[in-house]
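Here is a short report for a reader new to this structure. Please look over the sequence and the model before reading on.

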Amino acid sequence: MKVLLINAPRINSIWCGVPDIFNGKDQHLFPPLGIMYLSAWLKKHTDHEVMIVDPNADLLGFAAIEKRIREFGPDIVGITAMTHNLIDVHQCAEVTKRVDPGIHVTVGGPHAVSFPEEAIRLPHVDSIVIDRDAEVTFGEWVDALAGRRPRHEVAGVYYHEPDGTVVRNPARPILKDLSHLPYPDRSGVDLTQYYTPGMTGMVATTMATTRGCPQGCKFCLSTSAFSTRTPEDVVDEMEHCLGMGIQEVQFVDDIFNAPASRVVAISDEILRRGIKMAWGYKATVNATTYASLERAKEAGCTKGHFGVETGTVEGLQALGKTFVKLEHVRQVFKWCRELDLTSCAYIMIGTPVERSQDDIYRTIEFVNELDPDYVVYAITSPYPHTPLWKEGARLGLWDEGVWSDFMRNPTPELAARIPTVWTQHMSKDELLRIFKEVNRKFYFNPRKVLRTLARVSNLKEVQRIAQGGLAIAKLQLMNAAGRRI
């Protein structure tokens, strides 16, 4: 069987808190780890032929995607789906069936896991993978489609019978130990097309060492089932990446440091082997210790990304982050400065308890006090069926079923009805104006610019920093001209 794996493009994505200009390829582009893991599993455990297509890296429109499908001639097309880009997922499925109605279209990824009943009803979709850990499931499903095992015995799959009946096979248990999975198929993509903000190496990649998140924030749908890899397995993959000429890794786990001792164990393993590689990670502030940061720095860590979200106790309560203490947040960023670790704070603007610009600026003052090297601002966007979304529906801010309507019929018309910001106190236009202002004040601060430039190690870094500055400048101009941002 020939299997084509598509990372659905972001051509018609629903706006979700960050202006489009910051989501372009010239700002950041992560490798599609989900389908790279599937490709690796198929290549290791089956004899099926596999190809990956990432339209976001190759800047492919749907005509070009159709051309790739025709050229490869797949028996199966697997599409990874995020809920916010369902229009593009639907169009990928549609062009697949236009090439050949007999091609079997399978959809997986976060959307199929979180909303399986809606996903299986998508037009042109023959089956979906409902398991978060989809490697084994998808491998068995491809074998089943090849006639090597009964379809009804493959756990973790919903599929249509020829008469349209939906068969719902039971889910597969979540993997507790991810260490037996093969590394993502980095040979299946052009690694030079991908990069992460703040990277210092010429060739970088992303890695995942956990799945899920145990914290349960109100704005997120990440599963609470938390699975990990052993430190030895993580560092084995780092060595594998070094062998491919990769100089830097960004760990993209929702939470890399749960617990802090895990960071120390991975760092110890890196030091034991004498690996020289730059890396950074996303962390929860409450599980960050000075000892873990210090050991990570010794092992090559250059940056830490922290989900701060807000600078008030009231804001933390509203977002379900009562486990975070503001004084500890201050301490973590102070430690980063002391250790010369690049720090990045993720901040939400327009939370449910921010009733005015003055309320928002209480958080901005807190950010200034933290003095991070970078800030990723995002306007609070109520993701479908999260506790935050349900609270807004209870308050009458939107119809609770509007997301479900869109999921069953992903059209631009229904997408336009979906609320993308918390509008209880301020309009989207007001929040965008504040967003533009705080970005300009932070990134065009001469002291910040000089501190950033002082850390530059090569001309490629200068180019990426300039691209970021240009995006902020464009944001100001586009907003002033009344254009979509």
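The sections below cover the basis, a sheet, the cavities and salt bridges.

## Basis

This is a predicted model: local features need pLDDT of at least 70, side-chain atom pairs count only at pLDDT 80 or more, and totals for chains, interfaces and linings use all residues. Residues are numbered from 1 along each chain as its sequence is written, and side-chain values use heavy atoms, without hydrogens and water.

## Sheet

Strand 12 (residues 278-283) and strand 13 (residues 301-309) are joined by five bridges. Trp-279 has Cys-301 in strand 13 as its bridge partner.

## Salt bridges

The whole structure holds 34 salt bridges (a side-chain nitrogen of Lys or Arg within 4 Å of a carboxyl oxygen of Asp or Glu). Glu-71 pairs with Lys-67, with the closest N and O atoms 2.5 Å apart. Glu-71 is exposed, at 53% relative accessible area (exposed is over 50%, buried under 20%, partly exposed in between, with a 1.4 Å probe and protein chains only).

Arg-273 forms a salt bridge with Glu-269, at 2.8 Å between the closest N and O atoms. Arg-273 is partly exposed at 23%. Glu-269 is buried at 7%.

## Cavities

Three cavities of 30 Å³ or more are present (on a 1 Å grid over the protein atoms alone, a cavity is a set of points where a 1.4 Å probe fits but cannot get out; lining residues have an atom within 4 Å of a point). The largest cavity has a volume of about 50 Å³ (the space filled by probe spheres set on the points). Its lining includes Tyr-37, Arg-211 and Arg-229.

How values were computed:
Pairing = 2+ DSSP bridges. Helix = DSSP H or I, 4+ residues; strand = E, 2+ residues; numbered from the N terminus. 1 Å grid on protein atoms, 1.4 Å probe; cavity = no way out; pocket = protein on both sides within 12 Å on 5 of 7 lines; lining within 4 Å.
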